[in-house]
Amino acid sequence: MRRFLLIPLFVVAAVEPARASTCSLGPFARPAFDPPADCTIVFYRNFGVAVDPPRAIVHRDNVAVDVTATSTQVRMQDLDMGVYTVDCNGNVVSESHHMEPFDVFELTLTDVQPSEVLYVGGMFLGTVQAAGGACNTDDVPVGVCSGMYDWSQCEQEEQDEEPPGDEVNPPEIDDAVGCNATNGVSSGLFGIVLLAVAGRRRRRATR
C-alpha cells in the first residue's frame, strides 16, 4: 500500500518543475531540423561535455548506422543565454543575459538516404531530406530559459479568485452514509453511542 501512495507523490514532484519553466540551452544544430543529405551540419555542443567529436547516426532497419563522413571541431564560440522570468499569465517581468562557451563542429554525411531518422551527437534532427535543399547554417542559435520563479504565487492567486465560503453556516453534505444521515454525527460514531446507551440500560436492569 505504501508503494502505491509514493507513486503519485513522485509524479507530482517530477511534473512541477516542467510546469514552471521551459529551457533550451544546448546543444544546437544548423540546420536545426530535417537537413538535406548534402548539407554540412554545424553542431554547437556545450563546452566540456565530451572529448570525442559528435557522430551522425541514422536508424536503418531497426539498426543504428553511423553515417558520419567527417566531424571536425572548427572553433569555440560564446552564445547568448537569455533567462526570462514570467508572471502567472506568461508575461515577461524581468530578463537577464549571459554568455556560455560552445564547441562548434562541422559534420558531413555519407551513405545516407532521404526520410531516414537522423541523430547528431545524440540530438534528434528529424528526417534526412533529398539533396539540393537549403542548408540554413548561418543562423546563430540563442539559448532561452523562461519560467516562473515561484509557482506557488500563481496557485495562491487562483485560490484568492475562488468565492469565499460561509464559515458561520457551512452547507450540509447530502451523504446517506456520512454526517447528514445522523444530523452531524458520523454513522460509525453514532452506532457506538447507541451501543453504550444499550449497555448502560442492561446494567441498570440487573441491579
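Buried here means under 20% relative accessible area, exposed means over 50%, and partly exposed is what falls in between, with a 1.4 Å probe and protein chains only. Before going on, a word on the source: this is a predicted model, where local features need pLDDT of at least 70, side-chain atom pairs count only at pLDDT 80 or more, and totals for chains, interfaces and linings use all residues. Residues are numbered from 1 along each chain as its sequence is written, and side-chain values use heavy atoms, with hydrogens and water left out.

Back to Cys39. Which residue does Cys39 form a disulfide with? The partner is Cys135, and the two sulfur atoms are 1.9 Å apart. A disulfide is counted when a pair of cysteine sulfur atoms lies within 2.5 Å. The torsion about the S-S bond of Cys39 and Cys135 is about -100 degrees, so this disulfide is left-handed. Cys39 sits in the loop between strand 2 and strand 3, Cys135 in the loop between strand 9 and strand 10, and the pair links distant parts of the chain, 96 residues apart. When I say strand, I mean a DSSP run of E of at least two residues, numbered from the N terminus; helices would be runs of H or I of at least four. Cys135 is partly exposed, with a relative accessible area of 25%.

The structure holds two disulfides. In the other pair, Cys23 and Cys145 also have their sulfur atoms 1.9 Å apart. Cys23 belongs to strand 1 (residues 21-24) and Cys145 to strand 10 (residues 143-147), 122 residues apart. Cys23 is partly exposed, at 46% relative accessible area, while Cys145 is buried at 16%.

Four strands form an open sheet in the order 5-4-8-9, with antiparallel pairing. Strand 5 (63-66) and strand 9 (123-127) are the edge strands, each pairing on one side only. From one strand to the next, the twist averages 30 degrees; the axes behind that are lines fitted to C-alpha atoms, for helices over the stretch in contact, with angles from 0 to 180 degrees between N-to-C directions. Two strands count as paired if DSSP finds at least two bridges between them. Strand 4 (residues 56-60) and strand 8 (residues 117-120) have three bridges, in the antiparallel sense. Val58 has Leu118 of strand 8 as its bridge partner.

Leu118 brings us to the core. Which residues of the largest nonpolar core touch the most other members? They are Ile41, Leu118 and Val120, in a core of 15 residues. Such a core is a set of buried Ala, Val, Leu, Ile, Met, Phe, Trp, Tyr and Cys residues joined through side-chain atoms within 4.5 Å. Strand 3 (41-46), strand 4, strand 7 (92-109) and strand 8 each supply at least two residues of this core, and strand 7 gives the most, with three. Apart from this core lies another, of seven residues, among them Val42, Leu79, Met81 and Phe102.

As for Ile41, leaving aside neighbours within four places in sequence, its contacts include Pro31, Phe105, Leu118, Val120 and Leu125. Contact means heavy atoms within 4.5 Å.

Glu116 lies in the loop between strand 7 and strand 8. Is Glu116 buried or exposed? At 10% relative accessibility, Glu116 counts as buried. Beyond its neighbours within four places in sequence, Glu116 is in contact with Val58, Arg60, Gly126, Thr127 and Val128.

Last, the aromatic rings. The structure holds three aromatic pairs. Rings of Phe, Tyr and Trp (its six-membered ring) pair if their centres lie within 6.5 Å; planes under 30 degrees apart are stacked, over 60 edge-to-face, and the rest tilted. The ring centres of Phe33 and Phe124 are 5.6 Å apart with planes at 80 degrees, so that pair is edge-to-face. Phe33 is in the loop between strand 2 (28-30) and strand 3, Phe124 in strand 9, 91 residues apart. Both are partly exposed: Phe33 at 47%, Phe124 at 41%. Tyr119 and Phe124 form a tilted pair, 5.5 Å centre to centre and 50 degrees between the planes. Tyr119 is partly exposed too, with a relative accessible area of 27%. Phe33, Tyr119 and Phe124 form one aromatic cluster.
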